[in-house]
Amino acid sequence: MPIVRKVQGVLYRVQDLARAKAFYEETLGLPMRREDPEGRWVEFGPPRGPRILLHQSPEGPVGNAGGGALFEVRNARRVLNRLKRQGVRVGDLVEIPGVMVLGTFYDPDGNPLHVVQSLLPKAPRRRKSSEEGEGGPIEGGTEGS
């Protein structure tokens, strides 16, 4: 059974979150999904699919690697411990209460990769009504396509 469920997005550390937010939102036109009320991070991307998470960091990108893939996992601590036992260099683990647990590890070249465990409550699945038929009200296809 694979430990990674899907690629969730990319994390970039930025020195000036307001400037970066303006670039992604205004220049690139990406929709903002969520923002930390304390001003530490902001997330951009479509409702479904990969996201870009910008994290305020005084030093900005670490070395020449400014970001890394985010891999969604069921339990970030367990995955990082497993990787560490396999000899993988593991970095910090940060919990944002009620939002996520985020951990960092590195590939053999030192590029950062991240595991993320969502702490958000799951939205209830929508049931199809008899009026919608097989594919829903508009799509006419299978759900999730």
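How many bridges join strand β7 (residues 100-106) to β8? In this predicted model, local features need pLDDT of at least 70 and side-chain atom pairs count only at pLDDT 80 or more, while totals for chains, interfaces and linings use all residues. Residues are numbered from 1 along each chain as its sequence is written, and side-chain values use heavy atoms, with hydrogens and water left out.

Seven bridges link β7 to β8, and the two strands run antiparallel. Here strands are DSSP runs of E with at least two residues, numbered from the N terminus, and two of them pair if DSSP finds at least two bridges between them.

Glu 95 finds its bridge partner in Val 101 of β7. Three residues separate β6 and β7 in a hairpin, and Gly 98 in the turn has a positive phi of about 75 degrees.

Burial comes next, with buried meaning under 20% relative accessible area (1.4 Å probe, protein chains only). In β7, six of the seven residues are buried, leaving the strand mostly covered. Strand β8 (residues 112-118) is largely enclosed by the rest of the structure because six of its seven residues are buried.

As for confidence, pLDDT is the predictor's confidence in each residue, from 0 to 100. The protein has a mean pLDDT of 80, with 81% of its residues at 70 or more. Over residues 131-145, however, pLDDT stays under 50. Where pLDDT is low, the predicted coordinates should not be read in detail.

Notes: Buried < 20%, exposed > 50% of the residue type's maximum accessible area, 1.4 Å probe, protein only. Helix = DSSP H or I, 4+ residues; strand = E, 2+ residues; numbered from the N terminus. Contact = heavy atoms within 4.5 Å.
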